[in-house]
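Hi everyone, thanks for coming. Let's take a look at the charged side chains and the metal site in today's structure.

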Amino acid sequence: MTMAMRLRALAACAVLALALSPAIAESAEALPGPVKAAPPAPVAKPSAAATAATPAALLASHLKARFSYDPLTGYGLIEKSGERLCFALGVPWALFNWEACFPIDPPAGGEGGLSFSREAAARIEKSFAEADSLARSHFSIAAILIDPGHGGKDPGAIGEQTVAGKKIRVVEKEVTLEISRKLFSALKAKFPDKQILITREGDSYPTLEDRVEIANSVELASNEAIIYISIHANSSFNKNAKGFEVWYLNPEYRRTLVDSGKPGGPGHEIAPILNAMLEEEFTTESIILARNIMTGLQATVGADSQNRGIRADEWFVVRNARMPSVLIEAGFVTNSEEGRLLTHDDYLARVADGVYNGIVDFVGYFESMRGAPSP
Ligand SMILES: [Zn+2]
């Protein structure tokens, strides 16, 4: 929105607010009383959108809201639990709670009474839904997106290990998928009311655009967040290297990454994911999420593996301010001991359990400690 558009919008809001407040107060008290002298109603122009119209009364009853409309003044009100939406016949603006003003297709009059276009009805419904969830004054994690690293044509790291005298290949894309699947079903069972998403369910290679689309497809209300969990396995020329790590983005590097367009390190395929939207606010949440997962992993696989700590680097990028994000390196496929462990289903189940416990702890923290409405 340009400044000029914003000014126009504000001016329209102010006019609408001034026009609506006495009329609504009057109509709310006076209806269906005697008709008073009133300004002429604005003329409603039938729009194309009006062809798919939702009667205002029907919308209000669907919302379980109170509806009042004064056909003489053309002013109307939908009210629910103290939240008020005001509108006027033929006016392309609606006013919510006397403060938020948004454009809508002008409400139209007609034989069936006042009606909204389908878009306007959806927008109005959304306003009430958002106010509703804010009123519940709870920040919540609405979705958890699990991203099994690599897949399809991209195997990720590969380790050659000997198990019972036989040479086997430990392939990162398989390890990450197995852990992710287990994590996915555990989270689904635990949080039936949250969206639990996974970027791939089989040996496919979701492109960057696919992953971005999945992340973006989650619609969040203003008090909702999404957690992004990327699962990887590590490799090293040093065959002794072993252990698990949890990464989050070091905020100081963010600008550098964006400015230089520099390709990243081990998480290269994730780095550009929505790199454009950088905000600092939730870095703390990412660190806490990383800590919780680290604690979870320490408890389930700490005795067999090695805790390499929490790391921060420039290649891992969060989607936006409402997306606490971490990347987990579950272990080294190149270490003979750990590489073998990473082929064991029960070991992968323990890794998944550790991550799961960390996420559950984080969700508890997030939804209670950040349980105040945003300012
Ligand atoms: Zn990887």
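Let me start with Lys-242, which counts as buried because its relative accessibility is 16%; buried means under 20% relative accessible area, exposed means over 50%, and partly exposed is in between, with a 1.4 Å probe and protein chains only. Before I go on, a word on the model: it is predicted, so local features need pLDDT of at least 70 and side-chain atom pairs count only at pLDDT 80 or more, while totals for chains, interfaces and linings use all residues. Residues are numbered from 1 along each chain as its sequence is written, and side-chain values use heavy atoms, with hydrogens and water left out.

So what does Lys-242 form a salt bridge with? The partner is Glu-337, and the closest N and O atoms are 3.5 Å apart. Glu-337 lies in helix H8 (residues 336-341) and Lys-242 in the loop between strand S12 (224-234) and strand S13 (244-249), so this pair ties together parts that are 95 residues apart in sequence. Helices (H or I, at least four residues) and strands (E, at least two) are DSSP runs, numbered from the N terminus. Glu-337 is partly exposed, at a relative accessible area of 40%.

How many salt bridges does the structure hold? There are twelve, each one being a side-chain nitrogen of Lys or Arg within 4 Å of a carboxyl oxygen of Asp or Glu.

Another of them joins Arg-311 to Glu-245, with 3.8 Å between the closest N and O atoms. Here too, distant parts of the chain are linked: Arg-311 sits in strand S14 (residues 307-313) and Glu-245 in strand S13, 66 residues apart. Glu-245 is buried at 2% relative accessibility, whereas Arg-311 is partly exposed at 30%.

Salt bridges with shared partners also join Glu-178, Arg-181, Lys-182 and Asp-345 into one network. Within that group, the side chains of Glu-178 and Arg-181 meet at 3.5 Å, N to O. Both lie in helix H4, three residues apart, about one turn of the helix.

Finally, the metal. Which residues coordinate the zinc ion? They are His-150 (NE2), Glu-172 (OE) and His-232 (ND1), at 2.0 to 2.1 Å. Donors here are N, O and S atoms within 2.8 Å of the metal (3.2 Å for Na, K and Ca), and water is not among the atoms, so sites may look incomplete. Along the chain, the donor spacing reads H-x21-E-x59-H. His-150 and Glu-172 are both buried.
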